[in-house]
Amino acid sequence: MDDVTALILTPSSGDGHRVQHALRRGLERVGIRSVRLDDIQPGALWTAAVTEAIKKADFIIADLTELNPNIIYEIGYAHALEKHVFLIVSRDAKADIPSDLTGYHYLFYADPEELPELVKYRIRPYIEQLRRPNESDGE
């Protein structure tokens, strides 16, 4: 799955960096390349760089624990592009999920250190299932 790229969307505050690093470790272990928005080169027009990163990603993992408005916007853009978005939330989250996102499937975590296992057992199988039709077409 080396040709698969995931975009990781987490807040830059709170546990956001721990979540990013744990997700990146988990994705690397299962052979999925990851991109984070802090990988974008300084000086780039930020909005254009963010939308381009979403377009290029095969799927998105977004942490809604803090209900960061930028992440909610980025999820909306990804949904408009019909990207597969995995929504993750800490079990300790205090805020209510916006009603427009309540119908989606969420993956909950108690500690960021358990995210590599979540990637392995919950996200990877789903991505493998998505990739199968393309592989049978010779792509």
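Modeller: "Buried" here means under 20% relative accessible area and "exposed" over 50%, with partly exposed in between (1.4 Å probe, protein chains only). Helices (H or I, at least four residues) and strands (E, at least two) are DSSP runs, numbered from the N terminus. Keep in mind that this is a predicted model: local features need pLDDT of at least 70, side-chain atom pairs count only at pLDDT 80 or more, and totals for chains, interfaces and linings use all residues. Residues are numbered from 1 along each chain as its sequence is written, and side-chain values use heavy atoms, leaving out hydrogens and water.

Let's take H3. Ile71, Glu74, Ile75 and Ala78 are its buried residues. They sit on the same side of H3, because they cover an arc of only 105° around the axis (the arc of the directions from the helix axis to the C-beta atoms). Pro69, Tyr73 and Ala80 are exposed, on the face turned away from that buried side. What do the buried residues of H3 pack against? Strand S1 (5-9), helix H2 (46-56), strand S3 (59-63) and strand S4 (84-90), with contact meaning heavy atoms within 4.5 Å.

Now the ends. After H3 comes Glu82, with a positive phi near 60°.
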